[in-house]
Amino acid sequence: MPELPEVETIKNDLRPELKGRRFTSVSILWPRMVLSGSPELLGEQLIGQHIREVARRGKYLVFRLASGQALVLHMRMTGSLLLRSASESSPDERRYVTAVFGLDSGQELLFCDRRKLGTVALVDSEAGLDRKLGPEPLDRAFTTQKLQGLLAKRKAPIKAILCDQDVIAGIGNMYADEALFSARIHPLRPANSLSHNEIDKLRNAIIVVLRKGIRNAGASFSDYRRPSGNRGSQQNAFQVAHRGGETCSVCATPIVRIPVRNRGTYYCPKCQSDATCSGS
DNA sequence: CCCGGAACCTGAAGGC
DNA sequence: TGCCTTCAGGTTCCGG
């Protein structure tokens with residue numbers, strides 16, 4: 001489940017390898033992953049193009065091309081990117097490959113995706129991404145005041161709002177739970193019920209939790225791998241995410257799992273008091 | 001506009 | 001052992 005820290009790690013790993021490289025071949029094994037036109041057209045337009053920059057916006061990985069176009073990839077839940085010398089990938093790695101991008105370095109970029117939900121699109125501009133995504137939580141512009149504005153008038157559970165890409169770009173199920181635990185806020189609290197102090201704590205928690213995730217190269221609970229094939233280590237550092245039944249590191253109360261918008265949500269019932277409490 | 005639920009996707013895991 | 005059900009969660013769509 002690549003969220004912001006996972007995609008950021010992929011970007012950081014790929015950038016030095018791919019910057020300045022040229023696409024020499026494109027092979028789409030799962031046609032439905034291509035959102036822009038046909039797989040054939042994607043290949044036609046991509047082959048020969050140089051990669052000017054590797055970037056990230058929210059959970060999207062963006063290859064900025066010399067032509068001004070951009071190749072935009074999304075891993076969804078089970079997607080990963082492996083960078084391998086041509087034909088050096090193992091059968092295990094090949095098993096779920098949905099696309100192969102050949103490069104003039106002799107390397108191959110493999111899009112691996114067990115559930116085939118990942119997507120790729122060649123776009124003329126990144127403006128479409130900016131239109132549909134909220135602010136980057138690690139930008140300076142993501143202030144407490146900004147977050148307060150985003151949460152105002154939203155009465156849905158704060159957990160659901162944090163995962164809404166229109167509100168903030170890049171936070172998903174795992175890091176939302178971690179940020180709420182760190183800020184000691186119950187996941188079911190209506191977003192507009194948070195006090196200014198709580199919003200301030202939440203903003204700081206979001207930033208700290210995401211930065212820690214990046215420092216640990218992301219969380220490899222299931223399919224996520226770095227382009228080298230290595231795992232991240234953030235899964236070992238989570239306080240509550242995917243830790244149902246284990247004891248809270250602060251108060252030893254068992255971590256509870258509840259559905260919020262049909263998503264598994266982990267929290268400490270003592271540290272994150274209750275949903276009706278309006279905080280201090 | 002806002003909210004919640006369903007659908008999409010398919011392998012893994014667990015029950016019997 | 002094997003069949004069946006349930007689960008996973010990012011995004012998109014739809015109805016209220």
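Does D177 count as buried or exposed, and why? D177 counts as buried because its relative accessibility is 1%; buried means under 20% relative accessible area, exposed over 50% and partly exposed in between, with a 1.4 Å probe and protein chains only.

## About the model

This is a predicted model, where local features need pLDDT of at least 70 and side-chain atom pairs count only at pLDDT 80 or more, while totals for chains, interfaces and linings use all residues. Residues are numbered from 1 along each chain as its sequence is written, chains are lettered from A and ligands numbered from 1 in the order in which they are written, and side-chain values use heavy atoms, leaving out hydrogens and water.

## Around D177

You will find D177 in helix α7, residues 173-182 (a helix is a DSSP run of H or I with at least four residues, numbered from the N terminus). Beyond its neighbours within four places in sequence, D177 is in contact (heavy atoms within 4.5 Å) with K159, V240, G264, T265 and Y266. For Y266, the backbone nitrogen lies 2.9 Å from a polar atom of the D177 side chain.

Let's look at individual side chains. A polar atom of the H74 side chain lies 2.4 Å from a phosphate oxygen of DNA strand C.

Definitions and conventions. Helices (H or I, at least four residues) and strands (E, at least two) are DSSP runs, numbered from the N terminus. A polar contact is a pair of N or O atoms within 3.5 Å; within protein, one must be able to donate a hydrogen and the other to accept it, and residues adjacent in sequence count only if both atoms are side-chain atoms.
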